[in-house]
Amino acid sequence: MLDEIEKGNAEPYDVIIGNYLHSFTPYPETIQKSDGEKITIQKPGRYHKDRYIVFDEFPGEDAVQKIGGEIVQESITAYLQTEPDLPFKNYADLNERKDNPEVQSEISKWRSSQGKNGAEWSSRFNSRGNAVAEAPLLTELALSAKPLPVNRYGRAEVGRDTVGVMNGGNGSVWLLTRPPVTNARGVIALDGTPTLELWDLLLPGIEHHPVLPTDDERNEYVRDQLGLRFIRTSAYVKPYASGGEFDPDKPSNQIHGMNEATVRDVLAFKWMIGSHGSDAPPSLISTKAVNEAYERAGFLDEVDQYEHYNNLIGTNALGRSRFGIVSGCNYPGDEVVKMWAALCGVGVEAVTNDDGERLSGRNLSFGTAGEPFLHAVRENVVLQAAMRFGRQPDEGGNRGATVFVHTSALPEWVEYDDRLISPKLWVNSDGLTDVLRILREYGDETTEWTAREVHEVLETIHGEEDAICVETVRRNLNDLCEDGIATRQKRTGKGSGRGRPWRYTPENLSELIEFGPGYVVPPRETAI
């Protein structure tokens, strides 16, 4: 298509915009063999031949091909059964005898004819069950992979510009083929949250030239140039990739017919909307599964736009949103961290405590060597999501947004306001709904109450046998004081006596936000 378009041009296009996979598009090239014969071959790199390449952000998992353990075994077995140069019956036989001195000459012979054998396999693998076209590469990986320290994952350079790693447990494989950039005039990689180890894996030898080398300069750019203000509203990581705790079919996740995790988050969002004080609705980023849970609760009707983490690269759909919410992080799991590290030649495992239990949340660690890979798939992804808001200038040329980040997974260097909120749930047996009803309907925020006075009203409404006891009333009033919704004091002065009761005043009752079987308590102070 590009060739046809450019035929009508006096000169080739200077700029072509595409995605990462376009860098592998082939083009024909005629070469002359040693005997003088000319042949035409297909070489990758059609679109960037004689042009400069600009990679906008690290391509992430678009750069790798993932193959499950069963498919790996089936593909290698199918390939061995059609490859006479290798003396193995199947995958198990290869693993058992690959280091035997007696088979090394045959392995070497096979490697020397890889081009011919690979071409033949590519024309017949479709008839071999679930076998994949990469079977020759998988076979080479199984033969030559060296186990890494710590986790015993196998790693090897296989084929041309391809690195492979194999999980020593389930046998799954990741293959990363580096983009063919040798025919380009130059290569530039742009990344606001770079993980240098991964860029060096993808583009070996690329030089790092930070535009904003210090934390202060980065924060100044985010604040003053991008116009972004971050407000962190949770002290928890909230790994939402699987959406497991939002599963509506798990009875343990439910409270009064609603999903508990959804109720907590929607309560938090309603506080954010009130705190932001704008008539404009927020835009939302979370994981796809969790967005579906918010939709079931009806919250997506209250947002302007919403997106999920896996649909953010290259998009400016949220660029005009001045009020954003990022809910949870898209942590893909320990296996992804270990595989990226293995591709870079580093063996890592999640750190455990003295009882052998894996640390989790903010304590999750893969040791010093593994931290860059953990941050690459967790903290950096959250920051990239938060920076999607407010990119487009308004009519006055201003851009920026206030972004509420409902996860603690932000890079350490990022400045943010801390407004940690505490969504809580109740059940009718706790009596809090009854207490709140009395405080609202039989007084106002200046009315003083004793626990016994509230209890007497409840007995009038429900009867002595059905009303909650005075001790339950007192406990709920004390909880409201701890949350900053009410204050309490004892009578003082002459005749007050030692047994004077606490008197409660619901001074901040109007600030209490409710949704379903729960409420949220506004933060009592701001920290920067």
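Reader: Is Glu 453 buried, partly exposed or exposed?
Author: This is a predicted model. The relative accessible area of Glu 453 is 28%. Buried needs under 20%, and exposed needs over 50%. Glu 453 is therefore partly exposed.

Reader: Which residue forms a salt bridge with Glu 453?
Author: The closest N and O atoms of the pair are 3.6 Å apart. The cut-off is 4 Å, from a Lys or Arg side-chain nitrogen to a carboxyl oxygen. The partner of Glu 453 is Arg 503.

Reader: How many residues apart in sequence are the parts that Arg 503 and Glu 453 tie together?
Author: The salt bridge joins Arg 503 and Glu 453. Arg 503 lies in strand S20 (residues 502–505), and Glu 453 lies in helix H15 (residues 451–462). The pair therefore ties together parts that are 50 residues apart.

Reader: Is Arg 503 buried or exposed?
Author: Its relative accessibility is 10%. The limit for buried is under 20%. So Arg 503 counts as buried.

Reader: Where do Arg 388 and Glu 57 lie?
Author: Arg 388 forms a salt bridge with Glu 57, at 3.0 Å between the closest N and O atoms. The pair ties together parts that are 331 residues apart in sequence. Arg 388 is in the loop between helix H13 (379–386) and strand S16 (401–406). Glu 57 is in the loop between strand S3 (52–56) and strand S4 (64–67).

Reader: Which helix holds Glu 140?
Author: The side chains of Arg 111 and Glu 140 meet in a salt bridge, 3.0 Å from N to O. The pair links distant parts of the chain, 29 residues apart. Arg 111 is in helix H4, and Glu 140 is in helix H6 (residues 135–144).

Reader: Which side chain makes a polar contact with that of Trp 110?
Author: Trp 110 sits in helix H4 (residues 104–112). At 0% relative accessibility, Trp 110 counts as buried. The contact is 2.8 Å, and the partner is Tyr 79.

Reader: How many salt bridges does the count come to?
Author: Side chains of opposite charge can pair when their charged atoms come close. Arg 155, Glu 157 and Arg 178 are linked in a network of salt bridges. With the 4 Å cut-off, the count comes to 25.

Note on methods:
Residues are numbered from 1 along each chain as its sequence is written. This is a predicted model: local features need pLDDT of at least 70, side-chain atom pairs count only at pLDDT 80 or more; totals for chains, interfaces and linings use all residues. Side-chain values use heavy atoms; hydrogens and water are left out. Helices (H or I, at least four residues) and strands (E, at least two) are DSSP runs, numbered from the N terminus. Buried means under 20% relative accessible area, exposed over 50%, partly exposed in between (1.4 Å probe, protein chains only). A polar contact is a pair of N or O atoms within 3.5 Å; within protein, one must be able to donate a hydrogen and the other to accept it, and residues adjacent in sequence count only if both atoms are side-chain atoms.
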